[in-house]
Amino acid sequence: MASNSAALASFVESTPPGELQDVTKAIKSILADDPSVLQSLEPAFEKYNEEQFTTVKLPGGSEEVIVSSHNSLGGGRYYDVANQSSFAFDHATQKASSVQSHVLESPQSDLVKSLLKSLYQHTLEHYPKSSLGVYPIENDSAIAVVTVANKYSPNNFWNGRWRSHYIISPSNSTLTGLLRVDVHYYEDGNVRLQTSKPVSVTLSSTSATEISRQIALAEKKYQEDLNRAFGSLSEGAFKALRRQLPITRQKLEWEKISGYRLGQDIGGGRSR
């Protein structure tokens with residue numbers, strides 16, 4: 001049973017963006033909804049949600065907030081600075097409940113709130129739908145900035161997620177982080193892109209304006225690098241995978257494409 005639980009936990013932790021409920025449903029169907037096994041997977045669900053920066057809409061709220069290790073209060077509760085609230089989160093169902101007031105008390109409160117305001121404009125401009133979190137961490141000696149942008153299209157068999165994660169150390173004037181993209185396409189196949197890029201910057205100042213400027217520059221450069229990489233893939237690796245000529249070894253006359261009989265003329269098949 002322990003080995004089975006470990007295998008199932010690995011399935012949970014490697015779930016593509018937006019597909020955790022599908023994986024959970026599949027696990028339930030395999031195990032006949034065995035509550036003991038599902039209970040044993042709770043640490044895997046928690047690890048997945050916190051690492052993926054899962055977003056959730058609070059009861060009565062309009063915007064989604066982030067679940068991460070940085071804003072955990074323990075006992076399955078998390079807080080959001082912008083909404084000044086805390087909430088309980090069910091990691092298996094990804095649902096929030098029991099919202100309570102939570103006012104941030106930290107020596108870094110002013111910088112946290114300034115960063116939220118400044119970075120909100122950045123995310124609003126560059127991501128069609130995103131969630132932003134800024135939290136004091138490490139006993140108020142550092143600040144974590146988390147951005148996640150999800151775009152799901154299960155009807156078209158694809159889902160994607162952007163994650164950016166930064167740690168700001170005001171005492172050392174440093175900004176370190178990691179940018180990650182995870183895209184899953186599964187129509188007539190199963191293709192997944194996972195790529196990441198580390199960020200390390202020495203800040204000229206620890207103002208919200210300078211920090212936001214450096215984050216914007218890092219994310220713009222990563223996007224440009226991705227665009228160039230995708231262009232290279234299209235012209236290089238992907239093109240090499242295509243059949244250059246049909247089985248007949250003759251070039252396709254595209255102006256006559258409507259007159260071809262697919263199986264016979266292109267594939268070299270025999271007419272019936």
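Here is a walk through this structure, from its cores to a helix, some loops and its aromatic rings. Keep in mind that the model is predicted, so local features need pLDDT of at least 70 and side-chain atom pairs count only at pLDDT 80 or more, while totals for chains, interfaces and linings use all residues. Residues are numbered from 1 along each chain as its sequence is written, and side-chain values use heavy atoms, leaving out hydrogens and water.

Let's start inside. In soluble globular proteins, nonpolar side chains tend to be buried together. A nonpolar core here is a set of buried Ala, Val, Leu, Ile, Met, Phe, Trp, Tyr and Cys residues joined through side-chain atoms within 4.5 Å. Buried means under 20% relative accessible area, exposed means over 50%, and partly exposed is in between (1.4 Å probe, protein chains only). The largest such core has 34 residues, and L115, V134, I143, V145, Y166 and I168 have the most contacts inside it. At least two of its residues come from each of α5 (109-126), β7 (131-137), β8 (142-153), β9 (158-169), β10 (174-185), β11 (191-202) and α6 (208-235). Those labels follow DSSP runs numbered from the N terminus: helices are H or I with at least four residues, strands are E with at least two. The largest share, 6 residues, is supplied by α6. Domain 1 (1-101) and domain 2 (108-236) each give this core at least three residues; the domain bounds come from an automatic or database domain assignment.

Now zoom in on I143. Leaving aside residues up to four places away in sequence, I143 touches Q108, L111, V112, L115, V134, Y135, P136, I137, Y166, I167 and I168, where contact means heavy atoms within 4.5 Å.

Next, look at helix α2 (residues 20-30), whose buried residues are L20, T24 and I27. Viewed down the axis of α2, these fall within an arc of 60 degrees, so they line one face of the helix; the arc is that of the directions from the helix axis to the C-beta atoms. On the face turned away from that buried side sit the exposed residues D22, K25, S29 and I30. Just after α2, A32 takes a positive phi of about 55 degrees.

Two loops are also worth a look. N139, in the loop between β7 and β8, has a positive phi of about 55 degrees although it is not a glycine. N139 counts as exposed, at 79% relative accessibility. F157, in the loop between β8 and β9, has a positive phi near 65 degrees and is partly exposed, at 34%.

Finally, the aromatic rings. Rings of Phe, Tyr and Trp (its six-membered ring) pair if their centres lie within 6.5 Å; planes under 30 degrees apart count as stacked, over 60 as edge-to-face and the rest as tilted. That rule gives 6 aromatic pairs. In one of them, Y79 and Y135 have ring centres 5.8 Å apart and planes at 80 degrees, so the pair is edge-to-face. Y79 is in strand β4 (residues 77-80) and Y135 in strand β7, 56 residues apart. Y79 is buried at 7% relative accessibility, and Y135 is buried at 0%. Y127 and W162 have ring centres 5.5 Å apart and planes at 50 degrees, so this pair is tilted. Both Y127 and W162 are buried. Ring pairs also link Y78, F87 and F89 into a cluster.
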